[in-house]
2 protein chains.
Amino acid sequence: MPPQVTLIGVDGVPEITAGDDLGALLVEACAKQGTPLADGDVLVVTQKVVSKAEDQVIDLRTITPSALAIDFAARWEKDARAVEVVLQEAVRIVRMENGVMITETRHGFVCANSGVDASNVGTGSVDYVVLLPKDSDASARRIRDRVRELANCEIAVIVSDTFGRAWREGAGDVAIGLAGIEALWDYRGEIDNDGRELHSTVIAVADEIAAATELVTNKLTRVPAAIVRGYPYLAGETGIAPMIRERAKDLFR
Amino acid sequence: MPPQVTLIGVDGVPEITAGDDLGALLVEACAKQGTPLADGDVLVVTQKVVSKAEDQVIDLRTITPSALAIDFAARWEKDARAVEVVLQEAVRIVRMENGVMITETRHGFVCANSGVDASNVGTGSVDYVVLLPKDSDASARRIRDRVRELANCEIAVIVSDTFGRAWREGAGDVAIGLAGIEALWDYRGEIDNDGRELHSTVIAVADEIAAATELVTNKLTRVPAAIVRGYPYLAGETGIAPMIRERAKDLFR
């Protein structure tokens with residue numbers, strides 16, 4: 001039997017608002033569409049519904065932009081209040097030029113706009129933006145625990161977000177929060193077919209799982225989560241920490 | 001019906017050597033394992049078998065290292081001949097420090113070691129390294145054309161390789177050659193649920209497909225290809241060009 005993995009979009013999740021029991025809603029949506037969660041599944045949940053359930057939504061009318069935000073916004077035709085939120089969510093500015101803000105968040109992610117997002121806020125208004133979850137590993141654990149409780153099965157949960165990259169056009173989904181799964185798969189020390197020890201192959205499996213599920217979720221339809229079924233992941237509680245390159249070892253920060 | 005995509009590893013491909021008809025061997029392997037290629041499939045083929053079929057293998061005993069290669073190799077305990085090959089395959093050095101070489105290849109890829117790889121060369125010797133295909137889009141097209149001929153179906157082909165990234169630990173599979181599929185999915189101009197126009201969401205679908213298939217191929221077992229079934233990709237012949245960020249727009253090159 002060849003190795004086989006199935007990606008299943010989770011449809012029929014209602015519009016999420018602050019305080020919603022996201023774990024319960026996902027368990028229900030999976031069951032309702034005929035693909036109830038089962039032991040060994042990875043449930044990937046896109047960041048926006050997690051942040052909305054956690055009330056990480058900012059009303060821009062409450063924001064007073066700084067001089068820096070006003071200047072940058074004026075130069076690049078942006079909303080100064082949104083720029084201000086990006087600055088407030090950053091612990092470090094990596095690049096701020098050509099109208100692009102690449103920042104480091106308190107989680108350690110290097111990404112555009114501190115992960116602050118203005119699309120599909122779900123308020124029917126353009127005066128709101130969504131922040132990343134405060135502690136995205138804790139978000140993943142909460143969903144995992146709720147699934148364990150309600151569906152009586154042991155799964156892994158990945159919170160995903162869409163990040164751009166250096167050097168390559170186009171964004172892709174990566175893991176920003178983990179529960180029940182190791183972040184990396186480390187092949188170092190294993191022996192290849194030629195008897196040569198693999199020296200440098202550490203695979204970012206959590207990111208690859210997140211990327212895979214973008215094939216069944218997407219930006220416009222309301223498929224905010226996906227099940228990855230049949231992948232023999234390494235169970236563990238590393239969280240995202242092993243995926244964050246240390247500043248001292250990073251040649252591009 | 002929720003959206004569903006299946007990833008199927010392609011097992012039972014023999015050890016590939018120069019001149020092998022890779023397209024034919026893949027068609028045969030897919031059929032033999034009970035998952036013959038069908039219209040609308042994406043066939044992802046890992047770089048190493050493509051390069052080996054195309055004889056992109058270098059005998060290090062034929063290489064005379066330059067002074068730069070000898071110095072860098074001595075400082076970081078590397079094989080000076082392999083360092084020399086990396087330099088010869090680069091059009092530009094992006095970083096060369098801490099024992100790490102990040103280079104730009106003639107294809108426009110920014111990656112470690114110009115994509116030159118020393119593991120699983122398949123010669124049973126440690127004196128060989130594998131280069132990237134000379135023209136990876138042409139490699140993908142050749143496989144696609146051969147599948148069309150032999151299996152009478154219309155598929156897309158992606159040649160994938162494992163690249164590291166800035167800022168995040170762990171490598172992941174990305175697309176380095178394409179046939180029959182658009183590189184990017186452009187949501188710009190589409191309207192989200194709040195009536196807000198999406199301004200910046202261009203998704204690197206070819207990279208996400210490549211990343212997905214790493215879940216069923218892997219570094220140690222002999223699964224050098226995978227079928228992605230059920231994904232409604234955009235057919236096209238863009239090749240990889242749209243994925244390469246222009247130097248002038250790149251803040252990290």
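Chain A splits into domain 1, covering 6–56 + 135–242, and domain 2, covering 57–130. The model is a predicted one. Where the two touch, domain 1 of chain A contributes 11 residues and domain 2 of chain A contributes 10 residues. On the domain 1 side of this contact, α2 (47–53) and β8 (156–163) of chain A each provide at least two residues, and the largest share, 3 residues, belongs to α2(A).

Turning to overall form, chain A contains 6 helices and 12 strands. Its radius of gyration is 19 Å, close to the 18 Å given by the globule rule for 253 residues, so chain A is as compact as a globular protein of that length. Along the principal axes, the C-alpha atoms of chain A occupy a box of roughly 60 × 50 × 25 Å. Of the 253 residues in chain A, 49% count as buried. Among the contacts in chain A that link residues at least 6 apart in sequence, 62% are between residues at least 24 apart.

The next feature takes in both chains. An open sheet of 10 strands runs in the order β9(A)-β8(A)-β2(A)-β12(A)-β1(A)-β1(B)-β12(B)-β2(B)-β8(B)-β9(B), and its pairing is mixed. Its edges are formed by β9 (172–179) of chain A and β9 (172–179) of chain B, each of which pairs on one side only. From one strand to the next, the twist of this sheet averages 25°. Within the sheet, β8(A) and β9(A) run antiparallel and are joined by 7 bridges; A:Ser160 has A:Ala175 in β9(A) as its bridge partner.

Helices of chain B accompany these strands. Helix α1 (residues 22–32) of chain B packs on the sheet and touches β1 (4–10), β2 (42–46) and β12 (225–229) of chain B, with a direction at about 110° to that of β1(B). Helix α6 (residues 205–213) of chain B lies across strands of both chains, namely β9 of chain A and β1, β2, β8 (156–163), β9 and β12 of chain B, and runs at about 125° to β9(B).

Chain B also holds an open sheet of 3 strands, ordered β4-β5-β6 and paired in the antiparallel sense. Here β4 (90–97) and β6 (110–112) of chain B are the edge strands, each pairing on one side only. The antiparallel pairing of β5 (residues 100–105) of chain B with β6(B) extends over 3 bridges, and B:Ile102 faces B:Ala112 in β6(B).

A:Ser136 belongs to helix α5 (residues 136–151) of chain A. A:Ser136 is buried because 28 other C-beta atoms lie within 10 Å, where 20 or more are enough for that class. Leaving aside residues up to four places away in sequence, A:Ser136 touches A:His107, A:Val159, A:Ile176, A:Gly177 and A:Ile240. A:Ser136 and A:Met243 stand 107 residues apart in sequence, while their C-alpha atoms are 13 Å apart in space.

Technical notes: Residues are numbered from 1 along each chain as its sequence is written. Chains are lettered from A and ligands numbered from 1 in the order in which they are written. This is a predicted model: local features need pLDDT of at least 70, side-chain atom pairs count only at pLDDT 80 or more; totals for chains, interfaces and linings use all residues. Domain bounds come from an automatic or database domain assignment. Two residues are in contact if their C-beta atoms, placed from the backbone, lie within 7 Å. Helices (H or I, at least four residues) and strands (E, at least two) are DSSP runs, numbered from the N terminus. Two strands pair if DSSP finds at least two bridges between them. Axes are lines fitted to C-alpha atoms, for helices over the stretch in contact, and angles run from 0 to 180 degrees between N-to-C directions. The radius of gyration is taken over C-alpha atoms; the globule rule is 2.2 Å times the number of residues to the power 0.38. A residue is buried if 20 or more other C-beta atoms lie within 10 Å of its own, exposed if 12 or fewer, and partly exposed in between; C-beta atoms are placed from the backbone.
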